[in-house]
Amino acid sequence: MSTSGTLIEVSDMSHGYTMAGERMTILKNLSFTIDFGEFVAIIGPSGSGKSTLMNMLGCLDVSDTGSYLLDGQEIRKLSDNKLAAIRNEKIGFIFQSFNLLPKLSAVENVELPLVYRGISHRQRRQLAEDALTKVGLGDRMHHRPAELSGGQQQRVAIARAMAGSPPILLADEPTGALDTRTGKEVMGMIRQLNEQGHTIILITHDLEIAEQANRIIRIQDGNLVEDRRKA
Amino acid sequence: MKLFQSMRMALKSIYSSKVRSLLTMLGIIIGVSSVIILVSVGQGTTSQITEQLNGLGTNQLTVNITGRGATTSLTYDEALALGDIPGVKDVAPVISGNVTAKHNTDNVSVSVEGITPSYEDVKDFHVQSGRFLLDIDTQYRQKVALIGSSTANDLFGTDSPVGQTVQLNGISYKIVGLLETKGSSLGGSNDDKILIPISTAERQLQSKGVRSITIATTSADTVATVKSRLEGILAAKFSNATNAYTVFDSQQMLDTVNSTTNTLSMALAGIAGISLLVGGIGIMNIMIVSVNERTREIGVRKAIGAKKLDILAQFMIESVVLSGLGGIIGVGIGVGGSWLLGHYSPLSVSIAWNMVLVSFLFSLLIGVVFGMMPANKAARLRPIHALRVD
Ligand SMILES: Nc1ncnc2c1ncn2[C@@H]1O[C@H](COP(=O)(O)OP(=O)(O)O)[C@@H](O)[C@H]1O
Ligand SMILES: [Mg+2]
């Protein structure tokens with residue numbers, strides 16, 4: 001895997017859902033590329049198709065038409081198991097609602113992607129502890145999610161996303177469930193990860209948050225209406 | 001690599017909802033434990049009966065005169081005449097009754113059998129010291145006796161009874177032999193009795209008729225033909241009375257016991273099968289609930305890289321651990337219950353270890369079979385749908 005140049009190449013991507021017998025097109029002929037190391041915000045009003053696009057970029061789903069090259073590989077042709085392996089190795093997810101497993105401790109949650117990667121117990125425990133220490137939760141390793149605040153839970157989720165060092169971090173409204181102050185903290189952490197070389201794709205409806213990225217892609221009714229790079 | 005982790009997760013998840021898990025396992029627990037207890041009791045009883053029947057020998061017939069009155073018994077001579085039936089090796093007629101046996105100040109109530117010397121071979125019952133009864137004792141109505149080991153112990157303690165005198169209802173008998181210890185059989189204790197010559201017994205017990213005859217045939221093969229001849233003779237003799245006699249054949253009895261046991265085993269297997277099936281449905285039900293409750297968890301696991309097989313294995317392991325745990329608890333209760341029954345009830349129990357293994361393996365199999373459908377459902381969930389569920 002290279003570490004510079006084009007990481008993501010979306011061309012002519014369209015996708016729709018059939019609801020109540022009616023076909024609704026949610027993504028309409030999207031084309032864009034994202035390079036290694038970029039910090040991109042995808043912004044748009046609620047219902048505009050941002051999460052649907054994230055599902056595509058995160059290899060959770062494949063689009064009806066078009067093409068999606070991730071690191072030079074055509075994602076739309078791959079089997080479910082291949083997609084699972086790509087998600088595991090190349091993508092770290094940060095969700096609005098954290099999506100931690102409630103019965104597992106913080107460190108066990110962070111270990112989980114490494115379990116599915118087949119990394120030995122001792123090694124993955126080390127990686128998970130390092131990741132938790134980096135997000136400032138070195139003293140909360142064995143707490144359950146319910147024993148942590150929202151901000152702390154999102155930091156555990158960030159640790160889980162980056163523990164296996166995937167090139168891409170996909171964050172869908174990561175501050176949506178947090179108050180302004182902890183939201184800022186989490187954004188600071190994400191910016192820091194970008195500075196360390198991770199490619200960040202941040203999905204938000206909040207312009208103030210989107211402004212922290214180096215590039216803003218605006219979606220409206222499934223169309224790409226703006227692609228703006230900051231100086 | 002993930003097996004150990006998955007089992008730990010499964011146990012954690014089972015432990016975190018203890019009551020629900022216990023209720024789910026109840027069907028398996030009841031199924032497994034009841035199979036083990038029932039089979040252990042059945043096996044113990046069967047082997048006890050079989051042992052006793054085998055102790056009687058397989059080339060024997062026993063005639064019991066059950067009717068009342070003089071016309072419904074055989075005389076001593078008529079009994080001996082049965083020895084003329086082809087295939088008969090020996091005939092041992094017995095007159096029996098109860099007496100009070102007395103030695104010095106010790107009194108015991110004991111059963112007395114009037115016998116002939118042929119009794120020794122036919123019943124395979126020998127003396128451990130002294131001598132057996134002889135023809136001459138019968139001929140001259142000698143007042144001599146053989147004493148059973150328990151009765152000897154009651155009357156003489158540790159002293160040798162041979163050569164001593166015992167009073168049977170006030171009449172003195174000389175003890176010439178101490179019988180070997182045989183333990184109990186279907187007819188009761190073999191060691192709590194006194195044997196005297198049959199001719200002496202006719203007077204002692206004031207009984208003319210022979211009411212019990214044991215017949216030894218030359219081989220096990222001739223039992224059937226001897227039996228039919230014997231029944232012919234008895235039918236002619238007792239033509240005016242119904243149910244006047246029974247002819248007991250230990251081989252036939254053994255066959256009956258075996259076929260009864262087989263039928264019983266089939267019935268037990270059926271009951272066990274049904275209860276384990278019900279247990280399995282319980283497990284499937286709870287696994288479906290579990291998959292539904294954890295749809296989002298499945299979505300998260302898939303999003304971060306779990307493959308179909310990982311999810312399938314996770315739920316299969318949970319289902320098998322659940323049913324296996326039920327099996328282990330069932331085995332514990334079954335073995336414990338059988339042991340208690342064996343020690344604190346009159347039932348004879350032999351713990352059916354093969355059944356312990358079979359029922360435990362069966363409980364695992366149930367986990368596999370009934371976990372398959374829910375686990376497969378979980379494995380096939382699409383991550384985008386699973387993640388949308390709240
Ligand atoms: N799995 C689905 N099935 C049917 N409709 C869906 C599905 N996912 C999203 N949609 C619809 O697609 C539209 C865009 O949704 P989404 O991508 O979640 O928007 P956003 O994240 O920008 O708010 C919405 O109208 C939503 O109802
Ligand atoms: Mg959304």
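Why is the site of ligand 1 shared between chains? In this predicted model, the residues that surround ligand 1 come from both chain A and chain B, so the site belongs to the two chains jointly.

## Composition of the ligand shell

Oxygen atoms of ligand 1 are approached by both backbone and side-chain atoms of chain A. A backbone N or O atom of A:Gly47 is placed 2.7 Å from an oxygen atom of the ligand. For A:Gly49, a polar backbone atom lies 3.1 Å from an oxygen atom of ligand 1. A:Ser51 takes part through its side chain, where an N or O atom is 2.7 Å from a ligand oxygen atom.

On its own, ligand 1 has 560 Å² of accessible area, of which the protein covers 77%. The ligand sits in the second largest pocket.

## Annotated regions of chain B

An unreviewed UniProt entry assigns the feature "domain: ABC3 transporter permease C-terminal" to residues 271-381 of chain B. In the model, this span is 87% helix and 0% strand, and its end C-alpha atoms are 37 Å apart.

The annotation "transmembrane region", likewise from an unreviewed UniProt entry, is given for residues 21-42, 266-291, 312-339 and 351-373 of chain B. Among these, residues 266-291 are 100% helix and 0% strand, with 37 Å between the end C-alpha atoms. Residues 351-373 of chain B are 91% helix and 0% strand, and their end C-alpha atoms lie 35 Å apart.

Methods: Residues numbered from 1 in each chain as written. Chains lettered and ligands numbered in written order. Predicted model: local features only at pLDDT ≥ 70, side-chain atom pairs only at ≥ 80, totals over all residues. Heavy atoms only, no water. Near = heavy atom within 4 Å. Polar contact = N/O pair within 3.5 Å; in protein donor to acceptor, adjacent residues only side chain to side chain. Areas by Shrake-Rupley, 256 points an atom, 1.4 Å probe, with all protein chains shown as cover. 1 Å grid on protein atoms, 1.4 Å probe; cavity = no way out; pocket = protein on both sides within 12 Å on 5 of 7 lines; lining within 4 Å. Sits in = over half its atoms within 2 Å of the grid points. UniProt positions renumbered as here; feature names shortened; annotations may be inferred. Helix = DSSP H or I, 4+ residues; strand = E, 2+ residues; numbered from the N terminus.
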